[in-house]
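Open your viewer, get the selection tool ready, and follow along stop by stop. At each stop you will pick something out and then read what is there.

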Amino acid sequence: MLDNVQVDDLFEELLKQYGYDFRDYSRASVLRRVSRFMTHTRLPDLHSLKLATLKDPQFFEYFLQEITVNVTEMFRDPSFFLALRQKVVPILSTYPYIKIWDAGCSTGEEIFSLAILLKEENLLKRTRIYATDINQKVLRQAKEGIFPMAHMVHYTKNYQKAGGKYSLSDYYHAHHGGAIFDSTLLENIIFYPHNLATDESFNEFHLIICRNVLIYFNKQLQERVFGLFLKSLAPLGYLGLGKKESVLFAAKPEFFESIDKEEKIYRRTY
Amino acid sequence: MKVYMSGKYKAVVMGGSWGGMNAAVEILKYLPADYPLPIVLVLHRLKGVISELPALIRKKTYVQIKEADEKEKMQPGTVYIAPADYHLLIEQDQTFSLDVSEAILFSRPSIDVTFESAAEVFGKKLIGIVLSGASKDGSQGLYTICRAGGQAIVQDPRQAEVTTMPQAAIETVKRAKVLTLDEIAAYLLAV
């Protein structure tokens, strides 16, 4: 069992030295990952973890990768992408130029899913997607667009359920156990480190997608992020959240109108 | 029926996989609507299947049944089911946190993850129950509950649809009470 006071101290020091703020992450979840990390790296206590991370930036980088959750898949929750295609894309297509923010894009599976969907709706060429994550290593991975071949059966099923018009295999070729995705899908995508806990709004978007990120934050931090999204959404812009997330903890939930209750798609109301 | 609590326990966590749902219903059907403890139920389920689990269980029980929501506070007389494809954790303020990190023992939700986080919060005021199932998930979590001073209970394997899960739990947690489903229900009503 980890001592909460010592954990607070560790997070304060990491914030001072590296600018990463874990203080308002959901405690049970982040503590579980911290203790897993300590088991893997054989650090006996929080004090040694603190010394090791503060002394060695590379070790901190490793800590960061292990503490943040980067489990994702292509067309995760296909019904979300189907709703996006049916309810949001027709409106987006009326804009001459579309700006999308994928906040917490992780290793890129969601970005490629989105790019494929937009391409099939003939919108990709006039869309710019800002793909951000707290973790620079996953951003590098996302840019490469290589995913394990072994996952393609599952992703193909997801793609079909998500209303895919062709075949997922049209977008990649197999190479040494990896599925290398068509790099032209990334032409209008900008990868960018951004920390939802500390960074500010940086542009205005017609659609923000942030799925299964808020579940790791406590109410205060969620409120901050909703403020950030509100500032970053164009009037009548859309917000897509994860299946078990909601705008319940936004400071002004009335500013978000529900477009699809099940799929957690909202629209800025003013 | 009115249940009088000694205040010895504050929560119940239950886990199972194959046969686990039927076993859970056999216990839950005896609990009155005003049962004074919150109950958390973790069942392994097929990925991506729209869940009718709460509705199925609701038909046969008096206690309130719902899927656990993110940041929801635990209430007595309510059974919270872990949502499919998320780990379910409990915070110190007795609210729920969800997590989509790696599957543990091929399972998300993982029984171990929920049991371990519940043990951190409730310590000796927790009852952990491992039911029928075809995996070893739950053993480690039940061990943690027991070590924190909580009460470990395992469904009698002779009565379980699949014995792997209860058998593994009995081997890992020597101090666990091994009870039939009726006995588990009676235990929950008497504490």
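**Stop 1: a threonine in chain B**

Select B:Thr114 and show what surrounds it: setting aside residues up to four places away in sequence, B:Thr114 touches B:Val40, B:Val42 and B:Leu88. Keep in mind as you look that this is a predicted model. Now colour helix 3 of chain B, residues 111-122, and you will find B:Thr114 within that helix.

Is B:Thr114 buried or exposed? It counts as buried, because its relative accessibility is 0%, and the cut-off for buried is under 20%. Next, draw a distance from the side chain of B:Thr114 to the backbone oxygen of B:Leu88; the value is 2.7 Å.

**Stop 2: where chain A meets chain B**

How many salt bridges does the rule find across the interface of chain A and chain B? There are six. To see a salt bridge for yourself, select B:Asp69 and A:Lys244, whose side chains meet at 3.4 Å, N to O. Between chain A and chain B, twelve residue pairs are also in polar contact.

**Stop 3: two domains within chain A**

In the domain assignment, chain A has domain 1 at residues 4-67 and domain 2 at residues 78-268. Their centres, taken over C-alpha atoms, are 28 Å apart.

Select the contacts between these domains: ten residues of domain 1 meet 13 residues of domain 2. The area buried between the two domains is about 1000 Å², with 48% from carbon and sulfur atoms. On the domain 1 side, pick out A:Asp24, A:Tyr25 and A:Gln65, which lose the most area to domain 2 and together make up 46% of what that side buries.

Across this domain interface the rule finds zero salt bridges, while five residue pairs are in polar contact. Helix 4 of chain A, residues 57-67, provides the largest share of the domain 1 side, with three residues. By class, that side has three nonpolar, four polar and three charged residues.

**Stop 4: a histidine in a loop**

For the last stop, select A:His194, in the loop between strand 6 (189-193) and strand 7 (205-210) of chain A. A:His194 is buried, because its relative accessible area is 6%. Its contacts beyond four places in sequence include A:Trp101, A:Thr132, A:Ile134, A:Phe202 and A:Leu228.

Which backbone oxygen does the side chain of A:His194 reach? Draw the distance to A:Glu200 and you will read 2.9 Å to its backbone oxygen.

Notes. Residues numbered from 1 in each chain as written. Chains lettered and ligands numbered in written order. Predicted model: local features only at pLDDT ≥ 70, side-chain atom pairs only at ≥ 80, totals over all residues. Heavy atoms only, no water. Domains from an automatic or database assignment. Contact = heavy atoms within 4.5 Å. Buried area = accessible area lost by both parts, 1.4 Å probe. Salt bridge = Lys/Arg side-chain N within 4 Å of Asp/Glu carboxyl O. Polar contact = N/O pair within 3.5 Å; in protein donor to acceptor, adjacent residues only side chain to side chain. Helix = DSSP H or I, 4+ residues; strand = E, 2+ residues; numbered from the N terminus. Nonpolar A, V, L, I, M, F, W, Y, C, P; charged D, E, K, R; others polar. Buried < 20%, exposed > 50% of the residue type's maximum accessible area, 1.4 Å probe, protein only.
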